Amino acid sequence: MRPNFTGMLNSIFRISTFLFLIVFIPFNGFSQEQKFTLSGEVKDAKNGEDLIGATISIPAKKLGVTSNAYGFYSISLPAGTYDVEVSYLGYITQKLTITLNQNQRKNIELSEDKKELKELVIKTDKADKSNVESNKMSVVKLDIKQVKRIPILLGEVDIIKAVQLLPGVQQAGDGSTLFTVRGGNIDHNLVLLDEAVVYNPSHVLGFFSVFNGDAIKDFEIYKGGIPAQYGGRLASVLDVRMRDGNTKNFGASGGIGLLSSRLTVEGPLVKDKGSFLVSGRRSYFDVFFPLSESTKDASAWFGDLNIKANYNLGEKDKIFVSGYLGRDKLGFGEFFGFGWGNYTGTLRWNHIFNNKLFVNTSLVYSRYDYGFDLNISDNLNFRRSNFINDLNLKAEGNYFISPSSSIKFGTKQTYYKFDPGVRTKITENSVVDNASLPSKRAFQQDYFVSHSYKFNSRLSTEYGARISVFSNVGEGRRINYLNGSPTVLENGFLKESEKDPLNPYTNYASGDIYNTYTGFEPRVALTYLASTTSSVKASFNRMFQYMHLIQNVTASTGQEFWTPSDNYIKPQQADQIALGYFKNFNDNLIETSVELYYKWMNNTVELRDGADIQFNEAIEGQIIAGKGRAYGAEFFVRKPSGRTTGWISYALSKSERKADNINNGDWYNFRFDRTHYLTVVLSHELTERIAVSGNFVYATGEAFTMPSQRYSILGAENPVIYYSERNGARMPAYHRMDFSVTLGRKKIPGKVYKNESNWVFSVYNVYGRKNAYTLSYENDSKGNPIVQKWYLFTFVPSVTYNFKF
């Protein structure tokens with residue numbers, strides 16, 4: 001069957017038009033009063049970077065808007081003269097008077113508040129209270145400057161490690177950058193870099209993330225109340241934006257650490273019209289390996305490169321091009337080795353159609369690959385690899401109707417190609433045959449529309465919907481099973497079904513659509529202002545996930561692989577409701593919140609007992625569709641500005657799974673279920689030169705399946721191990737403390753310095769806690785079975801020198 005894209009588009013258009021006419025128009029009506037529009041961009045005065053989420057307010061009218069992801073704002077008002085305030089956290093609020101008697105374009109530049117560390121100055125400036133007033137909940141945005149103060153393993157600035165210290169977010173292992181959110185799996189997180197999907201955001205088995213802090217401008221994590229423009233994952237969205245580069249001056253910055261170094265160069269292409277940024281990072285673990293006899297044949301390194309450029313074609317048009325290349329390589333001599341890489345590219349065009357309509361069009365490419373080499377001898381060796389590629393075209397629009405009403409809409413068309421396995425000989429004499437698993441292809445269409453509306457001074461909402469259409473397309477093939485199902489129950493155990501001997505496969509030609517899923521994803525968020533400093537919020541979102549990560553280990557070794565939904569593997573689905581209370585204190589300098597949530601999940605991907613996922617085309621026969629539920633309470637206190645900054649977060653939560661023929665069909669703990677999760681993050685500026693920072697983390701131990709019995713059959717040498725309830729046991733509690741000191745250069749008062757530098761001394765796991773990373777089952781000297789705890793890190797010091805000129 002050939003794809004009928006015209007019919008699909010017509011259906012989606014009719015549904016979207018219906019939603020717009022029936023739902024959006026009644027709220028907006030038609031105003032008879034003539035209004036004019038003030039619009040423009042908000043930028044950093046020092047480097048020309050767009051400021052995302054800057055507030056443009058009219059105090060006399062108690063109205064305001066925020067700048068979008070490209071710094072663009074638009075506010076429509078009746079004719080008149082207005083005092084306008086433009087503010088952004090950490091910057092000096094700019095006040096200006098505007099006479100509106102026609103549409104006006106006004107670009108605004110804000111300067112950093114160099115005295116922001118002094119509490120007295122901050123209090124006289126306008127403090128941010130968007131956490132109370134906005135429709136966003138279950139969302140946290142961190143300033144990259146604050147992230148750089150947080151002590152991290154081996155001194156690397158890492159935004160994912162910072163995210164893991166937030167309520168509802170948990171690390172997937174000691175030192176790992178993989179994370180879970182509100183009971184989701186590690187593949188339930190959508191990680192974006194300049195709109196491109198990053199399929200594996202980890203370096204070196206997960207101990208470093210792919211994000212170089214020097215290249216990052218802004219990032220947000222959505223744990224719930226996810227806006228309609230995002231989709232494709234069940235649990236969260238981590239949206240990361242790269243810096244654009246300095247449009248005013250050339251400069252360089254970087255850092256030299258114990259195990260890696262980085263360098264960033266940026267500057268104008270044409271002053272105030274365009275800029276570029278190139279940022280590279282490389283580890284040098286491998287330099288030290290030859291110094292030891294035991295590691296002289298080992299190899300381990302990672303490297304990445306961020307590139308970005310932008311140019312203003314005129315007042316209404318701007319283009320961006322950005323890319324990321326990352327690579328990991330680990331191995332031991334010629335015996336074995338493995339590596340993986342992420343590659344992304346984004347081409348964007350911003351166009352302002354008029355003072356109210358802003359549209360961004362993007363062409364985005366993402367690729368992830370993994371390779372594994374095993375070279376035992378000249379006649380026993382092979383190389384195995386897998387790949388995923390996606391290419392999408394996306395258009396998103398912002399239509400600013402009035403200060404109390406705006407619409408977002410858009411579409412995204414994505415083509416996927418999965419190569420689950422390619423095996424080749426390393427030498428011609430190898431007995432291992434060359435082989436490859438059939439490629440899989442899919443095409444996904446997404447359409448969304450959402451409306452932000454303020455009913456009055458207290459009540460506001462953002463609601464909308466997303467429609468996703470996922471199709472399996474040829475060239476490809478489907479396995480036909482004897483009983484019509486990829487699994488069969490034998491003697492109480494699930495096994496892979498046998499193929500139909502008469503018709504084992506159904507083949508599809510290029511372009512054929514042989515399976516389609518459609519998902520309707522409503523989203524709604526409500527905010528009620530109880531006072532000027534407190535609010536109650538509620539949200540609901542439904543998410544569909546059509547791609548699934550198949551793995552049987554926690555660490556990111558690259559051996560995991562992605563597979564699409566198809567005739568046998570259904571899309572995962574999650575519904576989440578959340579309710580929160582938000583309250584600010586001390587002139588909005590201290591933010592607090594309490595959130596309750598409940599999440600239902602269907603068609604979760606669970607590995608059956610004894611699953612074989614290595615180089616297996618019939619992967620659908622190794623998994624079972626399950627159910628999940630997660631619920632909890634999150635408490636958050638944060639002080640984002642001043643000499644002392646930081647937060648305290650605590651999550652009380654439960655996450656469970658259920659699947660046929662697993663754990664007797666009863667609910668069992670999800671492996672990342674942790675009842676208690678407490679984090680404390682504090683930074684303090686002792687002087688203009690010296691700053692200290694510290695973290696503390698406490699978490700309930702991870703769930704795991706404990707063997708309860710072992711027995712021998714007819715005196716066999718290797719005993720049979722019987723396992724108890726799935727994930728019915730617990731690792732020991734996890735806790736650690738980290739500490740760092742930042743020492744800046746000595747400055748003479750009144751003198752202007754063009755160059756900046758500092759030293760960062762940090763310690764990961766100050767008191768050397770031996771947190772369990774994994775467990776093994778062995779025999780002691782007397783042959784008695786024992787459980788052996790393995791750990792990765794104890795006391796880990798590091799030092800880094802940072803510079804900027």
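## Asparagine 765

Asparagine 765 sits in the loop between strand 50 (756-764) and strand 51 (772-779). The model is predicted. Asparagine 765 is not a glycine, yet its phi is positive, at about 65 degrees. Is this residue buried or exposed? Asparagine 765 counts as buried because its relative accessibility is 0%, and buried means under 20%.

## Asparagine 664

Another positive phi belongs to asparagine 664, near 60 degrees, again in a residue other than glycine. Most residues other than glycine have a negative phi. Asparagine 664 is placed in the loop between strand 41 (644-658) and strand 42 (668-669).

Asparagine 664 has a relative accessible area of 76%, so it is exposed. The cut-off for exposed is over 50%. Asparagine 765, by contrast, is buried.

## A cis peptide bond

Which residues does the cis peptide bond join? The bond links glycine 474 and glutamate 475, with omega about 15 degrees. Most peptide bonds are trans. Glutamate 475 belongs to the loop between strand 29 (459-473) and strand 30 (476-479).

## A positive surface patch

Positive charge gathers in a patch on the surface. Its members are Lys46, Arg745, Lys747 and Lys804.

Lysine 804 is part of strand 53, which covers residues 796-804. Its relative accessibility is 41%, so lysine 804 counts as partly exposed. That class lies between the buried limit of 20% and the exposed limit of 50%.

Technical notes
Residues are numbered from 1 along each chain as its sequence is written. This is a predicted model: local features need pLDDT of at least 70, side-chain atom pairs count only at pLDDT 80 or more; totals for chains, interfaces and linings use all residues. Side-chain values use heavy atoms; hydrogens and water are left out. Patches are made of residues with over 30% relative accessible area and no salt bridge: like charges are joined within 9 Å, nonpolar side chains (Val, Leu, Ile, Met, Phe, Trp, Tyr) within 5 Å. Accessible areas come from the Shrake-Rupley method with a 1.4 Å probe; for residues, only the protein chains shown count as cover. A salt bridge is a side-chain nitrogen of Lys or Arg within 4 Å of a carboxyl oxygen of Asp or Glu. Lys and Arg count as positive and Asp and Glu as negative; His and the chain ends are not counted. The place of a charge is taken as NZ of Lys, CZ of Arg, CG of Asp or CD of Glu. Helices (H or I, at least four residues) and strands (E, at least two) are DSSP runs, numbered from the N terminus. Buried means under 20% relative accessible area, exposed over 50%, partly exposed in between (1.4 Å probe, protein chains only).
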